[in-house]
Amino acid sequence: NAGTEADVYISVYGERGDTGSRQLLRSQKPKKFLKGQTDIFAVEAVHLGHLYKIVIGHNGLGSGNGWFLDKVVIKDPITDLDYTFLCHRWLDQGQDDGNIARELTVTDVSTFPGRQELELKREETWAAEKWKFQKGNTLQFYNRLTHGFICLGPDSRVDALGDKKNKYGKVFFMWVYA
């Protein structure tokens with residue numbers, strides 16, 4: 001339920017002005033804003049110069065209108081620059097802080113030069129490790145600082161003692177360095 005059927009709007013802000021609120025209408029995919037999907041939209045506007053923020057949100061209408069937004073990448077065809085706006089939050093009146101719109105600032109590549117490589121590694125790691133978080137699995141985290149375990153059970157139970165003899169069967173260890 002991380003996708004949305006609501007109408008999504010974006011405003012893009014640059015050093016030369018902004019686009020105003022624009023509805024994202026036509027994705028290159030048959031259905032837009034589905035869970036785990038990357039949608040691509042063409043937004044026509046005068047050249048705004050270097051971009052610094054966006055405001056993105058939805059109207060809150062329709063069934064399943066809550067939306068989990070990972071990030072927005074804007075590709076400037078004039079300068080051939082990519083502007084990344086990280087969100088990784090819910091736009092949902094019933095989740096997170098209840099907001100259905102977010103103001104996001106650009107991720108500055110100069111302050112984080114390895115960001116693109118790190119993002120690629122994060123995506124690759126998640127693709128390889130997400131099976132551990134499937135229903136029915138139990139995770140056990142070991143903290144080298146405290147020499148203790150924290151166990152996350154499939155029933156959402158947290159056991160700070162982290163008993164190694166687990167009644168759930170599958171136990172996966174993850175090492176946490178603090």
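This is a predicted model: local features need pLDDT of at least 70, side-chain atom pairs count only at pLDDT 80 or more; totals for chains, interfaces and linings use all residues.

Residues are numbered from 1 along each chain as its sequence is written, and side-chain values use heavy atoms, with hydrogens and water left out.

Let me start with the chain as a whole. The protein chain contains one helix and eleven strands; helices (H or I, at least four residues) and strands (E, at least two) are DSSP runs, numbered from the N terminus. Along the sequence, the order of these elements is β-β-β-β-β-β-β-α-β-β-β-β. Of the 178 residues in the protein chain, 31% are buried. Here buried means under 20% relative accessible area, exposed means over 50%, and partly exposed lies in between, with a 1.4 Å probe and protein chains only. The accessible surface of the protein chain is about 12,100 Å², and carbon and sulfur atoms account for 54% of that surface. These areas come from the Shrake-Rupley method with a 1.4 Å probe; for residues, only the protein chains shown count as cover. As for contacts (heavy atoms within 4.5 Å), among those between residues at least 6 apart in sequence, 50% join residues at least 24 apart.

I turn now to strand 1. Which strands pair with strand 1? Two strands pair if DSSP finds at least two bridges between them. Strand 1, residues 8-14, runs antiparallel to strand 4, residues 51-58, and seven bridges join the two. Within that pairing, Tyr-13 stands opposite Lys-53 of strand 4. Strand 1 also pairs with strand 3, residues 22-23, in the antiparallel sense over two bridges, and there Ile-10 faces Arg-22 as its opposite residue. Strand 2, residues 17-18, is another antiparallel partner of strand 1, again over two bridges. Gly-17 in strand 2 is the bridge partner of Gly-14, and a hairpin of two residues connects strand 1 to strand 2. Is strand 1 mostly covered or mostly open? Strand 1 is mostly covered, with five of its seven residues buried.

How many salt bridges does a search of the whole structure find? The search finds four, a salt bridge being a side-chain nitrogen of Lys or Arg within 4 Å of a carboxyl oxygen of Asp or Glu. One of them links Glu-103 to Lys-53, with the closest N and O atoms 3.4 Å apart. Because Glu-103 lies in strand 7, residues 101-105, and Lys-53 in strand 4, this pair ties together parts that are 50 residues apart in sequence. Glu-103 is exposed, at 54% relative accessible area, whereas Lys-53 is buried, at 17%.

Asp-97 takes part in two further salt bridges that I wish to show. With Arg-89, the closest N and O atoms are 3.2 Å apart; with Arg-102, the N to O distance is 2.8 Å. Through these shared partners, Arg-89, Asp-97 and Arg-102 join into one network. Asp-97 is partly exposed at 39% relative accessible area, and Arg-89 is partly exposed at 31%. Arg-102, by contrast, counts as buried, with 7% relative accessibility.
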